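Here is a short briefing for a first look. Keep the sequence and the model side by side as you read.

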Amino acid sequence: MYDVKSKVATEFIDHEEIMESLKYAEENKHNKELIDSILRRAKECKGISHREALVLLDCDLEEENHRIYELAKEIKQKFYGNRIVMFAPLYLSNYCVNGCTYCPYHYKNKHIRRKKLTQEEIRQEVIALQDMGHKRLALETGEDPVNNPIEYVLESIKTIYSIKHKNGAIRRVNVNIAATTVENYKKLKDAGIGTYILFQETYHKENYEKLHPTGPKHDYAYHTEAMDRAMEAGIDDVGIGVLFGLNMYRYDFVGLLMHAEHLEAAMGVGPHTISVPRVRPADDIDPDEFNNGISDDIFEKIVAVLRLAVPYTGIIISTRETKESRERVLKVGVSQISGGSRTSVGGYVEEESEEDNSAQFDTSDRRTLDEVLNWLLEMGYIPSFCTACYREGRTGDRFMKLVKSGQIANCCQPNALMTLKEYLEDYASEDTKAKGEKVIEAELKRITNPKVYETAKERMKKIAAGERDFRF
Ligand code: SF4
Ligand code: SF4
């Protein structure tokens, strides 16, 4: 029985409710009147329900689809302006005891080189990331209580925060590790993590169990209820996501939004971010097996409708996506992307050869961070390295209140520009620097609060003179 507030996975992600929603959307995908009324509600920027969102996703009326994309762009502009937050993944270890059939780190894969970074190797990786200009990381590691116990993750976070190389610093460490206990989540919270990220992969219980035949991840309930435990432990910012292409995308799309609704209803605050990865080729993975084909068109529509459904939630894409596909989704909703990523363990210090591969998946976008920034600037975006909120204690419902009232833009815009300025001073190529300075000049004028504008301008001069780490 569907109950959005229940703490039981199969009740807040109720299969019957999803099946009913799929049927409802199928029956109403040409219902112009209903679609128009959903769009009117979406325009209020308070979100729409999972059922309404699916009707929009399924809608195949040309004019209405055009309106969906236009509204997604409008909402994105309203909440995020031209800003795009940058981050990089850091793979600590690819030891894993799980048997996920779509991931090359599954324990039976004997071709892949197993590797776990020592603290000294982490230091080297972080220095390489700092030298690129990164300030925000997403830690990734397989699940293995012997090789990657929680103590190893905690020690690694401490190491990462402690490294100050030249003007570099990692100011926010987000963590993507396996579902764990409230006690361990408390330890992560105490270690000062930013967002705790865990992808559901698929919300379809039966398929989930088939895709995860062995290991602790097989337990659907334990995995699906992980965010409730993380929040119970005091982690305010959680990031959810599905791996599109593992299961039927309409089912997972509804499940994803039901999960977001559940966190808001039961824990008082919805997800901080939603990630939308798609299945990519990888070692020891049969590409034909995971071909639930999400075309670029559907992918773009998923992002646009998510933007309408959860206007306050950051949407993340990774370097799994090509440059072309990233361009499309940036316009309609994505607010955070990775750049210059390596998906192998130790890959920032030493790139691996084809034969000696420890990567989790192939990246489609292989450009350097500077190239990615240059491309973003050329399109008029502001690449942002801002990490201010979490460092100012603006997390969870405190953060959401500021976002919902629109006040957060008074912080995001100047912070984006100041962190971009730091990048231009410390790491940019000549061409990127020239483009960046122009964007800063134009975008500073869009700061509407006169006091904030003056302070931001003053701080720009200080950054040029060598000072760092200002924030609103
Ligand atoms: Fe391990 Fe995660 Fe890969 Fe599954 S998806 S095999 S848990 S690293
Ligand atoms: Fe994100 Fe807060 Fe920075 Fe805005 S001010 S970009 S919400 S960290």
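Start in the loop between α3 (32–43) and α4 (50–58), where cysteine 45 has its place. The model is predicted.

**Positive phi angles**
- Cysteine 45 has a phi near 60 degrees, a positive value in a residue other than glycine.
- Cysteine 45 is buried, because its relative accessible area is 5% and buried means under 20%.
- Glutamate 201 also belongs here, with a phi near 70 degrees, a positive value in a residue other than glycine.
- The loop between β4 (196–197) and α9 (205–211) holds glutamate 201.
- With a relative accessible area of 9%, glutamate 201 is buried.

**Domains**
- The chain divides into domain 1 (9–76), domain 2 (82–384) and domain 3 (397–465).
- Between the C-alpha centres of domain 1 and domain 3 the distance is 35 Å.

**Ligand 1**
- The largest cavity is where ligand 1 sits.
- Around ligand 1 are Cys96, Asn98, Cys100, Cys103, Tyr105, His106, Gly142, Lys217 and Gln360.
- By class, this shell around ligand 1 has four nonpolar, four polar and one charged residues.

**Ligand 2**
- Ligand 2 takes up the second largest cavity.
- Two elements, α16 (388–391) and α18 (409–426), each give two or more residues to the shell around ligand 2.
- The largest share of that shell comes from α18, with three residues.
- The residues surrounding ligand 2 are Cys386, Thr387, Ala388, Cys389, Arg394, Phe399, Ile408, Cys411, Cys412 and Asn415.
- Seven residues of the ligand 2 shell are nonpolar, two are polar and one is charged.

- How many disulfides does a search of the whole structure find? The search finds zero.
- Cysteine 59 counts as buried, because its relative accessibility is 3%.
- For cysteine 411, the closest cysteine sulfur is in cysteine 389. The two sulfurs are 6.2 Å apart, which means they are too far for a bond, since a disulfide needs sulfur atoms within 2.5 Å.
- Cysteine 411 also counts as buried, at 15% relative accessibility.
- Both Cys389 and Cys411 are among the residues that surround ligand 2.

Conventions
Residues numbered from 1 in each chain as written. Chains lettered and ligands numbered in written order. Predicted model: local features only at pLDDT ≥ 70, side-chain atom pairs only at ≥ 80, totals over all residues. Heavy atoms only, no water. Near = heavy atom within 4 Å. 1 Å grid on protein atoms, 1.4 Å probe; cavity = no way out; pocket = protein on both sides within 12 Å on 5 of 7 lines; lining within 4 Å. Sits in = over half its atoms within 2 Å of the grid points. Nonpolar A, V, L, I, M, F, W, Y, C, P; charged D, E, K, R; others polar. Helix = DSSP H or I, 4+ residues; strand = E, 2+ residues; numbered from the N terminus. Buried < 20%, exposed > 50% of the residue type's maximum accessible area, 1.4 Å probe, protein only. Domains from an automatic or database assignment.
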